[in-house]
Amino acid sequence: MTSAKSESAKFIKRYRVDAPASFRLRSIDCADTGDLDKDDAQSMLAGDVKQLADLQARLYAEDRWSLLIVLQGMDAAGKDSVVAHVMSGVNPQGCEVHSFKHPSAEELDHDFLWRAAPRLPARGRIGIFNRSYYEDVLVVRVRPGLLQQQKLPESLIGKSIWEERFQDIRAFERHLARSGTRVLKFFLHLSKEEQRRRFLDRLDDPAKRWKFSMDDVTERKRWDQNMAAYEEMIRSTSTPAAPWHVVPADHKWFTRLVVASAVIEALESLQLAFPKVGAADLKELRKVRKALEAEKPSGGKLRHRRD
Ligand code: AMP
Ligand code: MG
């Protein structure tokens, strides 16, 4: 038990970007598995999923903090699979997932952070952004034409626009942190070769083919530009209030474990507890209990039911 825990603490530290100024994407091996094998990782994940369910129940009951999980990564990096597996034990009432797609006409009529606001998790909830406002310093930066679609006044589109957006994102996330939202960000770091394999798999498998989009091929062609944009984004927006984790993504079973460990660590650090019932309320509850016990079921005998 302690060894599994210290094992996960090790990953979190290894993949969290605590020194952004000197961070390099190439320092993280996409195929890393932290010396674990798949079976060990899967049984560790099963334990984590249970623990997450318990922590989420406390988060919900306490109703003070919220948790925002941001998932970014190239196509086929495993974002959907993280959502499906890591959150599998969590009560759906306390968790909301939103996938950010190409912005609508209404969204393009506003600033780039506007569409994220209504999707932020309420107190007590976990919110997952599958892609996010970070697309506005990634695909929008890399793919020609997208910035023009954002209808900004010409005089505001200068060389420093990306640095300005990084500043705005840092300020936005600091605001969230100060309002009680923990922000955890994950870049699922996939190798170009593993993406090739996963794309081939998608093309071959009728159950996955629908996921394939010609846009994915276009983005793949700009692989190096995408990696440069990711690296600069991580260096510019990893902060103590909202750290990036660069997670090896060539082995999905390992990716899931790292994300789950980081989420657990963040929730544990909040020291969540079920709200205490005061002495006066306890007295009232005892009265209610007595009254309920005195109420005979219409069929006759008193019976306690345990679900
Ligand atoms: P998927 O995540 O595979 O469903 O694809 C969603 C698509 O929407 C991706 O190609 C993203 O790059 C694109 N997208 C998301 N946000 C934006 C944005 N702000 N501007 C342009 N494209 C975006
Ligand atoms: Mg896609």
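1. D136 sits in the loop that runs between strand 3 (126-130) and helix 5 (139-142). Helices (H or I, at least four residues) and strands (E, at least two) are DSSP runs numbered from the N terminus. This is a predicted model, in which local features need pLDDT of at least 70, side-chain atom pairs count only at pLDDT 80 or more, and totals for chains, interfaces and linings use all residues. Residues are numbered from 1 along each chain as its sequence is written, chains are lettered from A and ligands numbered from 1 in the order in which they are written, and side-chain values use heavy atoms, with hydrogens and water left out.

2. D136 is buried but has no salt bridge. Buried means under 20% relative accessible area, exposed over 50%, and partly exposed in between (1.4 Å probe, protein chains only). A salt bridge is a side-chain nitrogen of Lys or Arg within 4 Å of a carboxyl oxygen of Asp or Glu. The nearest side chain of opposite charge is R165, 4.2 Å away; Lys and Arg count as positive, Asp and Glu as negative, and His and the chain ends are not counted.

3. Leaving aside residues up to four places away in sequence, D136 touches F112, Q150, W162 and R165. Contact means heavy atoms within 4.5 Å.

4. Q150 lies in the loop between helix 6 (146-149) and helix 7 (161-178). Q150 counts as buried because its relative accessibility is 10%. The side chains of Q150 and R165 are joined by a polar contact of 2.7 Å. A polar contact is a pair of N or O atoms within 3.5 Å; within protein, one must be able to donate a hydrogen and the other to accept it, and residues adjacent in sequence count only if both atoms are side-chain atoms.

5. The residues around ligand 1 include D136, P103, K101, R131 and E135; each has a heavy atom within 4 Å of the ligand. An N or O atom in the side chain of K101 is 2.4 Å from an oxygen atom of ligand 1. For R131, a polar side-chain atom is 2.6 Å from a ligand oxygen, and for E135 the distance from a side-chain N or O atom to a ligand oxygen is 3.1 Å. Ligand 1 taken alone exposes 500 Å², and the protein buries 83% of that (Shrake-Rupley method, 1.4 Å probe; for residues, only the protein chains shown count as cover).

6. P103 is in the loop between strand 2 (95-99) and helix 4 (105-108). Not counting residues up to four places away in sequence, P103 touches L108 and R115.
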